[in-house]
Amino acid sequence: MADNDFVGGGFSTTAIHAGWDPDGRTGAVNVPIYASSTFAQDGVGGMRDGFEYARTGNPTRRVLEANLAAIESGRYGRGFASGMAATDAMLRAALRPGDHIVIPDDAYGGTYRLIDKVFTQWGITYSVAPVIDPEAVAAAMTPQTKLVWVETPTNPLLNVGDIEALAAVAHAGDAKLVVDNTFATPYLQQPLRQGADVVLHSTTKYLGGHSDVVGGAIITDDEQLDADIAFLQNGAGAVPGPFDAYLTMRGVKTLAVRMERHCDNAEKIVEFLGTHPGVEKVLYPGLADHPGHEAAARQMRRFGGMLSVQLAGGRDAALDFCARTKIFTLAESLGGIESLIEHPGAMTHASTAGSQLEVPDNLVRLSVGIEDAEDLLEDVRQALA
Ligand SMILES: *Cc1c(COP(=O)(O)O)cnc(C)c1O
């Protein structure tokens, strides 16, 4: 991917500037946190700048939404109170009773739970398919399929889907392709440019980047879909507050430099783990023998800061590893500046137990932070000793 082909210049220029010019009145270089739930009108219906009530729209949130659209090279962006709120709105915008959706066979546990436990109650059916195999995704589609939902790389198995091929499969069946781009971030991968119809984010992760805010977003070029999403923002109300919007923007400004460091550190840890006798398998799209490596190299700038390992000693060894790291904090979530470690089977993906999406019990997931690589390597070394 060329460095300078983003809307409005290079990626970081866009990330730092899109959506806001210094304030005309005060010169403030940052957008204020507009802590206002309502907006004065000049006569009935006379809104200034389009704002009437902050569930419908808030100036801080509007800047975030413009910024997120720009960094995904998309036309429209909408912010939500969490990644799951964005997922919920997307599903409700696109699906009606009787419709069908295809999801990854290793989808984010919360996405699977929402569809399996909630949307099925409203007459939605789903099938699972591996994102690495577009033919299997095509085979999982039915005449009622309205959405093909993928993550790439997936959480926690780091499988890679070829976005162009998956878009072709979805479109051949008159369905839309949604890409949950949380793991890759728009710095590493821009799905709309590769044929996806919708990009979804948990901005809680890399976009916020500091483990201090929960949020979500939907970005699309489809005007009607955006209007439907905006209707749900206002109609259902799962919107982010202005302080959350501000924190997310503060994170986005440094996304490129953080991602470079996340990738540098992850590559070093992958190299170390690859030769460790306690490790059965390292899952990282940057490895030449990873089944998704070719597609990842085509559609991603680098291979990201997330990796998983399967330990030779099974579940006990996996739990031990998680218990013994000192810098890698045992916690759910990912994408922050600090390194985190977790056992998906018992933590983030516990809701998939007994389903087709169940994850191996010797699996450990690492979110590699931006601390000093030597310290992270030493931590992993001592925890596996
Ligand atoms: C965390 C996550 C979500 C859910 O986002 P929240 O902000 O936690 O609601 C969705 N998809 C992926 C890939 C995630 O990692």
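What follows is a set of questions and answers about a predicted model.

Visitor: How are residues numbered, and what pLDDT do local features need?
Guide: Residues are numbered from 1 along each chain as its sequence is written, and side-chain values use heavy atoms, with hydrogens and water left out. In this predicted model totals for chains, interfaces and linings use all residues and side-chain atom pairs count only at pLDDT 80 or more, while local features need pLDDT of at least 70.

Visitor: Which residues around the ligand come nearest?
Guide: A residue is near a molecule or strand if one of its heavy atoms lies within 4 Å of it. By class, the shell around the ligand has 3 nonpolar, 7 polar and 3 charged residues, where Ala, Val, Leu, Ile, Met, Phe, Trp, Tyr, Cys and Pro count as nonpolar, Asp, Glu, Lys and Arg as charged, and the others, Gly among them, as polar. Of these 13 residues, the nearest are G83, D180, S202, T204 and K205.

Visitor: What percentage of the ligand's exposed area does the protein bury?
Guide: An oxygen atom of the ligand lies 2.9 Å from a polar backbone atom of M84, and polar side-chain atoms reach ligand oxygen atoms at 2.8 Å from S202 and at 2.7 Å from T204. Taken alone, the ligand exposes 380 Å², an accessible area from the Shrake-Rupley method with a 1.4 Å probe. Of that area, the protein buries 91%.

Visitor: What is the strand order of the open sheet of 7 strands, and which strands stand at its edges?
Guide: Strands are DSSP runs (E, at least two residues), numbered from the N terminus, and two of them pair if DSSP finds at least two bridges between them. With mixed pairing, the order is β1-β7-β6-β5-β4-β2-β3. Each edge strand has a single partner, so one side of each is left without a neighbour in the sheet, and these strands are β1 (76–80) and β3 (125–129).

Visitor: Which residue is the bridge partner of W149 in β5?
Guide: Strand β4 (residues 145–151) runs parallel to strand β5 (residues 176–180), and 5 bridges join them. In β5, the partner of W149 is V178.

Visitor: Which strands does helix α10 touch as it packs on the sheet of 5 strands?
Guide: This open sheet has mixed pairing and the order β8-β9-β12-β11-β10, and its edge strands, each pairing on one side only, are β8 (279–283) and β10 (329–330). Helix α10 (residues 255–274) makes about 15 degrees with the direction of β9, the angle being taken between N-to-C directions on a scale from 0 to 180 degrees, with axes fitted to C-alpha atoms, for helices over the stretch in contact. With contact meaning heavy atoms within 4.5 Å, the strands that α10 touches are β8, β9 and β12.

How values were computed
Polar contact = N/O pair within 3.5 Å; in protein donor to acceptor, adjacent residues only side chain to side chain. Helix = DSSP H or I, 4+ residues; strand = E, 2+ residues; numbered from the N terminus.
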